[in-house]
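I opened this structure to learn my way around it. These are my notes, in the order I looked things up.

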Amino acid sequence: MQTFLTLLISGLVIGGIYGLIALGYSLIYRASGLMSFAQGDMVTLGAYLGIFYYVWLGLPILVALVLTFITAFLFGMALERGVIRTLLKKNVIPIYIVLATIAVSYIIQNLAQAVFGSTTQWFPQVFPVANLTLFGVTNQTEAYASFVISIILMIALHLFMTKTKFGTAMRGSAMDPLAAESCGINTSLSTGITWGLAASIASLAGMMLGPMYGVFTTLGSTIGRKGFAGAVVGGYGNMYGAMIGGLLLGLAETFVAGYIDGTYKNQIAYIILIVFLFVKPTGIFNEKAIQDV
Amino acid sequence: MKRRMIAILLALVMLFGLVACGNNGTTNNGGTTNNSGEGGDTTEPEGETFRIGTYLQLTGSNSVAGNSGKQGIELAVKQINEQGGFNGATVVVENFDTQGSTEEAVKVVQKMLSGDNYDAIIGSVNSNEVSACIGYINEAKVYNFGLGTSATWMEDDSMIYTFRASCNNNRIAPLDVDLIKELGYDSVAIMNGTDDTGASTADAFEAACEEKGVTVTTRQQCDSEDTDFTGQISQIISSDPDCVFMSLIGTTFGPFVKQLRNSGYKGMIGCKECFSAEYQNVAGGSPNTDYIFYVYPYVAYTDINDCEIPNMKAFLEAYQAEYGELPAHESAYRGYDTMMAMWEASKIAGANDDESLREATHQVVCEGLGGTMDFTDGSREAYSDFYSFVLVGGKDILVEDWLADGGYEEYLATTGRDR
Amino acid sequence: MNNTLSTKKKLPIGIAVAVVVLALPFILQLIAGNDYSVMICCIILVYVIAVSGLDILFGYSGQISLGHAAFFVIGAYTSGLLNNYFNTPLWLTIPAGALLATGIGALLAWPASKLKFHFLSLATVAFGEIVYYFLYVSPKIGDSSIGFTNDYMGINVINIPFLDNYTKWYFFLLFFVVIFLLAKQSLIHSRTGRAFMAIRENTHAANGMGVNVRKNKIIAFAVSAFYTGFAGAVYVHLIRYIAPATAQQKQSVLFLTMLLFGGTGSLVGPIIGVIFIELLLELIRPLQEYQMLLYGILLLIVIVALPGGLYGGVKDAIVSLKRRKETAKLAKSDQ
C-alpha cells in the first residue's frame, strides 16, 4: 500500500511536469494551429535563466521567477515575430515551421553549453524546506510545488482563453485569421502572445526541475518529446486535456517502472502516443478544434 | 539561367575544394601546415611533430566527461612539450567532437585513419564509442589509448594497439563486493544505466556477488536520459537490501541518490566510480551523499588542500593555473595519465613509430595520479591496485581509516540502522 | 529545369556532369592525397538514395515523416546482422533489409495514412523512438561481447572483401544511385506517380477523380521505406557500424533538412541538398564543440531566408529572370 501511494504521488508530480509541457503545445495549437518542437528546450532555457537570475545575479527567488517568466515570454514572442511570422508571411508549407523550431532547439541546447559549459549546474533549492512528507511519502518541495503550479496554470489559462476578451480574440484569430482581422482583432499580436505564454509556462517548469535534477543542456529534450503524448492523450488543443493527459502519462510511466520493469519506462510514452494517434486522435476530451484529423 | 547553373556548380566545387583542402592541411605532417580551421587552439610548431587525434564527446548530455578529458590531455601535452616532447618531436593534439553518437565517432575515426597521418589516437571517455572504433584503429595499426572504464573493449586480445591508462571496472567490481562483505553485508540491490559502462559493470558486479555469496535482491535499470527513478527505487526498497550498488552515468547519479534518500533509505550506497562534486551538488550534498562508498584509483577533489598525494597535488595546481578551476570530472585525470603513459613509452622506445611505441608500452612503469601505472603484466592496462573510499560530510575517507576511527559505529548511530 | 532547357543544350551538360562524377574519386585523391574525401562522397551517395526516398513520400505524395531514420536503421540492422551472424551474402542481405523496411513502412502507413500533417509527423516521431527503444532493449545475439543489438554496443560489421577501398565503394554505390534515380523518375511519370501528386495537391479532389487515396498513400510510404531501408542496408557495410540511436529524431531531421534544403519534388533537389548539407557538416567539424551551434544557426537562417530550398530558389530566380527578359522584349517590341 505504501509502495502504491509512493508511486501514485510521484507519478502525479512528474505527470504535472508533462502536463505543463502539453499545456504549451495545446496553447500554441489552439491559437495558431501550429506545432512547436522547441517546447522542451524552453524548459532548459527556463532552468538556465533561473540560474542566471537566482545564482549568478543573486536576486531573490520571487524576483528571479518573475524575471525568468518575462524573459522567456519575450523570447517566445521574438521567436514568433522573427521566425514563425516571417515564414507564415512567405506562405510556406508548415513543415518549414516545424523544422525552424527544431533548429531553435539545437541553438538553445548548444548556446547554453557555450555560455554555461558542459558541467551540470547546481540549482540551489527554492523553498526554505528541502523536503515535504505527505501521506508518509517524502518528496522534494519543488516537486509538490510544480504540481500545484501546473494545476493553477491550467485553470488560469482555461479561464483566460474562454472568459476574457483577449482570450476570445486569440481563439478567434486561430480559427479564422481573416475574419478575426476584419473584426478588428490584432491577430499578429495575439499569436505572438500565445507563443510567449507557451515559452514562459515551460520556463516555469524548468525553474522547478532545476533544483530537482540539476541543470544540463538536454534537461528538457526528452520531457519535451514525451509531452506530446500527454497533449495527444488529452486531446490536442484542450487545456484540461493537456493536464489530464500529462498526469495519465506520468502515472503510466511510474507504475510501469514500479511494478514491471524500469527498462520499459520510456517506451510507454511513445506507445501511448502512437496508439492514441491511430485509435483516437481526438483524445479523451474529443477535442473538436483539431484540424489535422 | 545557364549562369545560375554554373554558379551552383561552382559553389559545389568550391565547397568540395574547401573540405578537401581543409583535410589536406590538417593531415600534412610538419612544415607549413595550414591550421586555420582548428579554432586556433593549437599553435603551429617548428620542426618535427607527433600528431595525436582525439575523438571525444564535447557536446550534448554527459559532455562534461569529454571536455574534462580533453583538458587533462592538453595540460599534459603542454607539460610534455616544455620538457622536449616525444623524443624531440612536438606533440600536437587535434580534437574531434563525436556529439555522443557512436556513429559519429566511427566517422571521425575513419577520417583520422584515411588521412593516415595521425601518429596516435586517443578516445573516447564513452566506452560504447571506444568499442565501436578500436577495431578500425587496430586494423590500421595505429597506436591507441582508450579513456573509458568499461571492461568490454579490452576483452578482445587481438586489439594489440589499444591500451588503457585508466581503470577497468571489471577489476573493481569484485573489490566492491569484497568491501560489501567486509562491512558484514550479505545482500545488495543493483541499479544500473543501460549504457555500455553501466550495464557491463553491473554484469561484472552481479557475477562477483554470485561467486562470493552475496545475494542480489533486485536489479533495476534506467535510461541514461532518465531523471525520475521512483518506480525503480520503490522496487529496490521493497526488496529490502543491506545496501545498494549504483552503476550509472553522468546526470543520473545526482537525482538517483537524492530520490533514494528521500524514499527513506539511509543505508550505504556503493558507486562504480568516485562520486564527483557535480553529482554531490545535485544530490543535495551532505547528509544525502553521506556513506557512499567506492573503489577507484582516483578521488574527485573539490579543494586542493584536501589532497595529500604530492603528484596529484601538483597536477591539481597546474590544472587550476591553466583553466582557473579544478577538474569538473575525473576523466581529466584519465586523460593526463594517458598522455604521461604514452610519453613514458616514447622515452623507452626512443622512436615514435607505432610498432616501437606499442612494444615499449609493455615496459612502462611510472607514477600516475591514481598510484603506480604498471603495464608489464601484458594486460595493456595501467592500474591493478585500487583504493576504497567512503564519502562522509563531503570528504572522501579511506575505508580502513574510517573503520579504524569508529566511523561505522557512528554511521549506525546517526542513521539508526542495524546494518 | 527540364522544360527550360532544350534537349540540344542538355546533352553537353549531361556529358560534362557524367565525366565529373566518374572522375571525382580520382580527382579528389589527387587533390587531398587521401581517401577521406572519397569516403564523404560515398556517404553522400548513400544519403542521396535515402533522401530521394523521402522525396517520394513528402515531395510527391505530400506525407510528412519525421521518423525516416527508423527505416534506415531497420535496413541497416537487418543486413548487418544477417551478414555478420548468418554469413548471408551481401546480395541477399541488402534486399532483405530494404524489404523488411518496406513491409514495416506499409504496416505503419496502414493506420497512419488517415493522419494529416502535424499528427502524422508526431506518429512518425513516435515510430522512430519505438524502433530505437526496441533495439535498445533487445537481447544479445551470440555470445560475443561485441555484437549485441544493444545501445551499449550497436553492431560492428565485418569487411566486404570485394569492396576494400572507398573508390570501389564509390562506383558500387554510384551504380545503385543511378538505378534508384531512374526508377524514381519512371515511378513519378507513371499512373501511380500522378496519383501521388493528385493526393498532394488536393486529397478530396483526388478522391473525387477516382484515385484510391488510402492505397496510394500506403504505396508511397512503402516505396519510400524501400529506398531509405536500402540506403541503410548499404550504409552499414560502408561505415561498418550502426547503433540504435540513429533511429531517433536527429537523423530523421537531417534527412528532412537535406530534402528541404535541396528542394522537394524534383530529381536534382535531393542530390543538391545532400551534397550541400554533408559538405557543410564536414566544413564546420573543426569547430568542435561549436559546430552544432553554428549548424543550428545556419539551418534557421536558410529556412527563414530560402524556404523553397536551394533548387526552388534558383528556379524562382530563373522564372523571374525570364519574365523580366520577356517584359524587356515586349517593351522593345512596343517601341
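**Entry 1: domains of chain B.** I began with a term: domain bounds come from an automatic or database domain assignment. I also noted that this is a predicted model. For chain B the assignment gives domain 1 (49-167 + 316-374) and domain 2 (170-296 + 387-415). I took the centres of the two domains of chain B over C-alpha atoms and found 29 Å between them.

Domain 1 of chain B puts 16 residues in contact with 18 residues of domain 2 of chain B. On the domain 1 side, α2 (63-82) and α4 (127-139) of chain B each supply at least two residues. α4(B) gives the most to that side, with 3 residues. I sorted the domain 1 side by class and got 5 nonpolar, 10 polar and 1 charged residues.

**Entry 2: chain B as a whole.** I counted 14 helices and 14 strands in chain B. The chain has 419 residues, and 59% of them count as buried. I then took the contacts in chain B between residues at least 6 apart in sequence; 68% of them join residues at least 24 apart.

**Entry 3: confidence.** How far does the predictor trust the complex? I read an ipTM of 0.88 and a pTM of 0.87. Chain B averages a pLDDT of 84, with 89% of the residues scoring at least 70. Chain C also averages a pLDDT of 84, and 89% of its residues score at least 70.

Which elements of chain B have the lowest and the highest mean pLDDT? The lowest belongs to helix α1 (residues 2-27) of chain B, at 50. The highest belongs to strand β8 (residues 243-247) of chain B, at 94. I marked residues 21-43 of chain B, where pLDDT stays under 50. The model has 39 contacts beyond four places in sequence for that stretch. In chain C I marked residues 142-153, where pLDDT also stays under 50. That stretch of chain C has 38 contacts beyond four places in sequence. I keep a rule in mind here: where pLDDT is low, the predicted coordinates should not be read in detail.

**Entry 4: where chain A meets chain B.** I found 31 residues of chain A in contact with 32 residues of chain B. Several elements of chain A give two or more residues to its side, among them α4 (95-116), β2 (137-140) and α8 (187-213). The largest share of that side, 5 residues, comes from α1(A). By class, the chain A side has 9 nonpolar, 21 polar and 1 charged residues.

**Entry 5: one helix of chain A.** I checked the length of helix α9 (residues 221-234) of chain A. At 1.5 Å a residue, its 14 residues should span 20 Å. The end C-alpha atoms are 21 Å apart, which agrees. Is this helix enclosed or open? I found 13 of the 14 residues of α9(A) buried, so the helix is largely enclosed by the rest of the structure. A:Gly235 follows α9(A), and its phi is positive, near 110°.

**Entry 6: the core.** How many residues does the largest nonpolar core have? It has 334. Those with the most contacts inside the core are A:Leu23, A:Leu273, B:Val109, C:Cys42 and C:Val46. Helix α2 (residues 36-60) of chain C gives the largest share of this core, 20 residues.

**Entry 7: chain C.** I counted 13 helices and 2 strands in chain C. Of its 335 residues, 55% count as buried. The domain assignment of chain C gives domain 1 (1-32) and domain 2 (35-291). Their contact takes 5 residues from domain 1 of chain C and 6 residues from domain 2 of chain C. The domain 1 side divides into 4 nonpolar, 1 polar and no charged residues.

**Entry 8: a leucine in chain C.** I stopped at C:Leu182, which lies in helix α6 (residues 166-188) of chain C. Is C:Leu182 buried or exposed? C:Leu182 has 11 within 10 Å, so C:Leu182 is exposed. I also found 9.3 Å between the C-alpha atoms of C:Leu182 and C:Leu267, which are 85 residues apart along the chain.

Technical notes: Residues numbered from 1 in each chain as written. Chains lettered and ligands numbered in written order. Predicted model: local features only at pLDDT ≥ 70, side-chain atom pairs only at ≥ 80, totals over all residues. Helix = DSSP H or I, 4+ residues; strand = E, 2+ residues; numbered from the N terminus. Expected span 1.5 Å × (residues − 1). Buried ≥ 20, exposed ≤ 12 C-beta atoms within 10 Å, placed from the backbone. pLDDT = per-residue confidence, 0-100. Contact = placed C-beta atoms within 7 Å. Nonpolar A, V, L, I, M, F, W, Y, C, P; charged D, E, K, R; others polar. Core = buried A, V, L, I, M, F, W, Y, C linked by C-beta atoms within 7 Å.
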